[in-house]
Amino acid sequence: MSITMIGATATAVAVLASPITSTPAPTPAPAVPAASVVSKPAKAASVHGEARISYIESIHDDIRFTIHAEQTPFTRPMPPTAPEGLPTDARGTLKFSHSRGEVTGWAEATVDCLVTSGRTATLTAVVTKSNVEEPGARLGISVQQGGKGEPDRLGFSWGVVNVDPENVDENGQLVRPQAGSCMAPAPFTTVIKGGYKVIHAEITKSPTQPEPTPHHS
């Protein structure tokens, strides 16, 4: 590219003591069978939002990220190492654009991994369409939802990070290593418009492997 695109938030139960009276005690309500009790679905980790960021290397450029990602544990089998998939498997979309003057670099990508901690999330997404990235490239993104009046923040796995000095092309130019699943740097840029909502959930335990069948002599 001719420009440096960044693409390349108790219920208290009150027990009241009733006075003793001669009134017969009410008949207890029939017990509800355990099978009929509907449990609340477990919360899923997610991050949603759209924002413009301020990036120190391109301070006057218009750089925007749109993220809609939700963790979907064990939905991306990876035989033989992880045949059930991973607890950080995820789905969703990532879009970014970087405009300088009349030139805009952009990409659309499919989310494949998401992990959260408090108000912070890291995710990766595989490029499907772009004018600055190769289809199939994995991009790493980090998001920090601001608290106590602080702005949201965002980081990305290219630009000033993810550099391997020994990884160069035939012309001696640095080749950016691909980000591994859920790998992203700390959120080093500041959101100046818009923002993100991070929902944290603990990682789901991997499915229990079947117990070996005992052998009888």
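**Lys193**

I looked up Lys193 and found it exposed, at 54% relative accessibility. I use exposed for over 50% relative accessible area, buried for under 20%, and partly exposed for what lies in between, with a 1.4 Å probe and protein chains only. The model is predicted, so local features need pLDDT of at least 70 and side-chain atom pairs count only at pLDDT 80 or more, while totals for chains, interfaces and linings use all residues. Residues are numbered from 1 along each chain as its sequence is written, and side-chain values use heavy atoms, with hydrogens and water left out.

Lys193 sits in strand E8. Strands (E, at least two residues) and helices (H or I, at least four) are DSSP runs, numbered from the N terminus. I listed the contacts of Lys193, meaning heavy atoms within 4.5 Å. Leaving out residues up to four places away in sequence, Lys193 touches Glu50, Ala51, Arg52 and Arg64. I also checked Lys193 against Asp152: the two are 41 residues apart in sequence, and their C-alpha atoms are 9.4 Å apart in space.

**Strands and barrel**

I counted the secondary structure next and got 0 helices and 8 strands. In what order do the strands close into a barrel? The order is E1-E2-E3-E4-E5-E6-E7-E8, and the pairing is antiparallel. Two strands pair if DSSP finds at least two bridges between them. The twist from one strand to the next averages 30 degrees; for such angles, axes are lines fitted to C-alpha atoms (for helices over the stretch in contact), and angles run from 0 to 180 degrees between N-to-C directions.

E2 and E3 are antiparallel and share 10 bridges; Thr66 has Lys95 in E3 as its bridge partner. E6 and E7 are also antiparallel, with 4 bridges, and Val143 is opposite Leu154 in E7. E7 and E8 run antiparallel and are joined by 2 bridges; here Arg153 is opposite Thr190 in E8.

**Core**

I noted that 32% of the 217 residues of the chain count as buried. The largest nonpolar core has 32 residues. By nonpolar core I mean a set of buried Ala, Val, Leu, Ile, Met, Phe, Trp, Tyr and Cys residues joined through side-chain atoms within 4.5 Å. The residues with the most contacts inside this core are Val47, Phe65, Ile67, Ile141, Leu154 and Tyr196. At least two residues of the core come from each of E1 (46-54), E2 (62-71), E3 (90-100), E4, E5 (120-130), E6 (138-144), E7 and E8. In soluble globular proteins, nonpolar side chains tend to be buried together.

Apart from neighbours within four places in sequence, Tyr196 is in contact with residues including Val47, Phe65, Ile67, Val143 and Leu154. The list also has Gln145 and Asp152 among its members.

Gln145 is in the loop between E6 and E7. Is Gln145 buried or exposed? Gln145 is buried, at 14% relative accessibility. Its side chain reaches the backbone nitrogen of Val198 at 2.8 Å. Beyond four places in sequence, Gln145 touches Arg119, Asp152, Tyr196, Lys197 and Val198.

Ser157 is in the loop between E7 and E8 and is buried, with a relative accessible area of 5%. A polar atom of the Ser157 side chain lies 2.8 Å from the backbone nitrogen of Gly140. Not counting residues up to four places away in sequence, Ser157 touches Leu139, Gly140, Asn162, Arg176, Ala179 and Pro185.

**Disulfide**

I searched for disulfides, taken as pairs of cysteine sulfur atoms within 2.5 Å, and the count is 1. Which cysteines does the disulfide join? Cys113 is joined to Cys182, with S to S at 2.0 Å. Cys113 lies in strand E4 (residues 103-117) and Cys182 in the loop between E7 (153-156) and E8 (189-199), so the pair ties together parts 69 residues apart in sequence. The torsion about the S-S bond is about -105 degrees, so I recorded the disulfide as left-handed. Cys113 is buried at 2% relative accessible area, and Cys182 is buried at 8%.

Note on methods: A polar contact is a pair of N or O atoms within 3.5 Å; within protein, one must be able to donate a hydrogen and the other to accept it, and residues adjacent in sequence count only if both atoms are side-chain atoms.
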